[in-house]
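Biologist: I am new to this model and would like to understand its charged side chains. Could you take me through them with care?

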Amino acid sequence: MKPAPSRCEPIHRLTLSHGYFPRSFTWRGQRYAVKTVERAWTETRAGGVVEGYRFRVRCVEGTFELLQEAASRRWYLVSGRAP
């Protein structure tokens, strides 16, 4: 079993649904297909400046929380556990 990430880890080869919602991603060399986006929310700081977008997604392998930084548009795995 792969350990849970201790901090945000980059994820790669992300595909999107409707140009916005995560559909699949690669983490630590394994591809994960998103079955359901359970929750999506925007993170803002004082003054309403958008810092990023978070998604709680369910895959066959488990539930993961993903983050897209607004400024860089890079994606990260924030939490989750995988086999």
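Biologist: How many salt bridges does the structure hold?
Modeller: This is a predicted model, in which local features need pLDDT of at least 70, side-chain atom pairs count only at pLDDT 80 or more, and totals for chains, interfaces and linings use all residues. Residues are numbered from 1 along each chain as its sequence is written, and side-chain values use heavy atoms, with hydrogens and water left out. A salt bridge is a side-chain nitrogen of Lys or Arg within 4 Å of a carboxyl oxygen of Asp or Glu, and the number of salt bridges in the structure is five.

Biologist: Which residue meets Arg 28 in a salt bridge, and is that partner buried or exposed?
Modeller: The side chain of Arg 28 meets that of Glu 9, at 2.5 Å from N to O. Arg 28 lies in the loop between strand S3 (21-27) and strand S4 (30-45), while Glu 9 lies in strand S1 (residues 9-10), so the pair ties together parts that are 19 residues apart in sequence; strands (E, at least two residues) are DSSP runs, numbered from the N terminus.

Biologist: Which strand holds the salt-bridge partner of Glu 38?
Modeller: Glu 38 forms a salt bridge with Arg 58, their closest N and O atoms being 2.6 Å apart. Glu 38 lies in strand S4 and the pair ties together parts that are 20 residues apart in sequence, because Arg 58 lies in strand S5.

Note on methods: Helix = DSSP H or I, 4+ residues; strand = E, 2+ residues; numbered from the N terminus.
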